[in-house]
Amino acid sequence: MDRDALLARLDERAALDFLAEMVRHKSYSETEGERTLARYMVEQMRTLGLEADTTPVEGQRVNAIGRLRGAGGGKSLLFNGHLDTNPVTEGWTVDPWGGVIDDKFIYGIGVSNMKAGDAAYFCAVKTLIDAGVKLKGDVVLTYVVGELQGGVGTLAAIRQGVRADYFINSEPTDLQALTMHAAAFTFIIELTGITRHLSKREQAVDAILAACDLIPRLNGMVFSGAPTDEHRSINRVHVGVMHGALGKDLHEWRPPQVADFVRLKGSGRYAPGQTEAEAIADLRQALDQLEARFPGLKATVKAEHVDGRPLMPAFEVAKDARIVRTVNAAYQKVRGQAQPTGAIAPCCYFGTDAGHFYKELGMEGIVCGPGGRYNTMPDERVDIPDYLDMIRIYMLAILDICEIA
């Protein structure tokens, strides 16, 4: 069957309308809205003839999982994306749940992260079904919740037996092929100095002054043990919280005294082949050096783990892997140019559910989705050509991996 003719069958208006309808579902994370959207996705998948149902996650949360059965003899391809969104912030000029479309963009909370990706693989499957295409291999559509809580939805699906030969995670990469991203962890550093009245400041060990010395050094850190320069390039440390005052209770009513306590909270990113334990050891070494520069200072560091919440693992796939070559070739056909591929910033610092498929199952996959440049900001939006081209790229990927029966 002619690929160009199949791509031409995409109903662009219907694809935009479908995404707009998804946006109109207020699917805030851990609310009834995400359950409503999951049920809606099941209904829509069933209208295409897929086997589809909701599956349990935690509490009352559910995923929506669908499968297009192939005739046999082909490889299977799994698509993965989350339905839950962040809350709306201040500064919006359009209705966040209006599904607003103009001549350049489609707008809405979560449209970039990541309902455009979700809708793109649904519309890719729909277009092929409407064209009468029969496949050898299965196509599995996973619409999960809880990516924003460390990937609890995808982990639940994996532990319920959901898998395939290959996967595409549709997190927003602006259609670039992300072949590596970092693992994420949170750390807490506490600095304890020695207080004195400002009149005797020279006798004190100022915890705030020490923190101001430390933070730029942390923000410039690269962890040890990176296998290659590319792995090293996705290392990053960021201090996002700083509290300093008197004592661990952080009393603020006595500013004439030198602060003797600071608590810092930050996040670290490290690559496949590196570990959280090694990263914490590197932070400890930086604190040892800080204590040497500020005699009398005591510094501690620990990783923060929230009970019941998984960490986002790192992800990696070889640039010459079949799924990467498939998506690269599809991009080339649709856009007429080579697809940017690799540990591409800023996406390489994100956490995605791809890490769970990689770590738990060893599945070969790729992260590639529409949206990104207008992600998590007021008037969140996706370029219409990017969304439509993503559908076409997914269509070609399905045809290559699953094969026409």
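Leaving aside its neighbours within four places in sequence, which residues is Y387 in contact with?

1. Some ground rules come first. This is a predicted model, in which local features need pLDDT of at least 70 and side-chain atom pairs count only at pLDDT 80 or more, while totals for chains, interfaces and linings use all residues. Residues are numbered from 1 along each chain as its sequence is written, and side-chain values use heavy atoms, with hydrogens and water left out.

2. Once neighbours within four places in sequence are set aside, Y387 is in contact (heavy atoms within 4.5 Å) with A15, L16, L19, A116, A119, A120, C123, P370 and V382.

3. Y387 also belongs to the largest nonpolar core, which has 92 residues and in which I323, Y387, I391 and I398 touch the most other members. A nonpolar core is a set of buried Ala, Val, Leu, Ile, Met, Phe, Trp, Tyr and Cys residues joined through side-chain atoms within 4.5 Å, where buried means under 20% relative accessible area, with a 1.4 Å probe and protein chains only. Helix α11 (residues 384–402) gives the most to this core, namely 14 residues. Another core lies apart from it and has 30 residues, including V239, L264, L287 and F294.

4. Four strands form an open sheet with antiparallel pairing, in the order β10-β11-β9-β12; helices (H or I, at least four residues) and strands (E, at least two) are DSSP runs, numbered from the N terminus, and two strands pair if DSSP finds at least two bridges between them. Because β10 (236–245) and β12 (298–304) stand at the edges with a single partner strand each, one side of each is left without a neighbour in the sheet.

5. Strand β9 (residues 183–192) pairs with strand β11 (residues 261–270) over ten bridges in the antiparallel sense, and seven bridges join β9 to β12, again antiparallel. F187 of the model stands opposite G266 in β11 and opposite A303 in β12, whereas F185 stands opposite G268 in β11. Strand β9 is mostly covered, since eight of its ten residues are buried.

6. Helix α6 (residues 207–219) lies across β9, β10 and β11, running at about 170° to β10, while helix α8 (residues 276–293) lies across β9, β11 and β12, running at about 165° to β12. Such angles run from 0 to 180 degrees between N-to-C directions, and axes are lines fitted to C-alpha atoms, for helices over the stretch in contact.

Key. Buried < 20%, exposed > 50% of the residue type's maximum accessible area, 1.4 Å probe, protein only.
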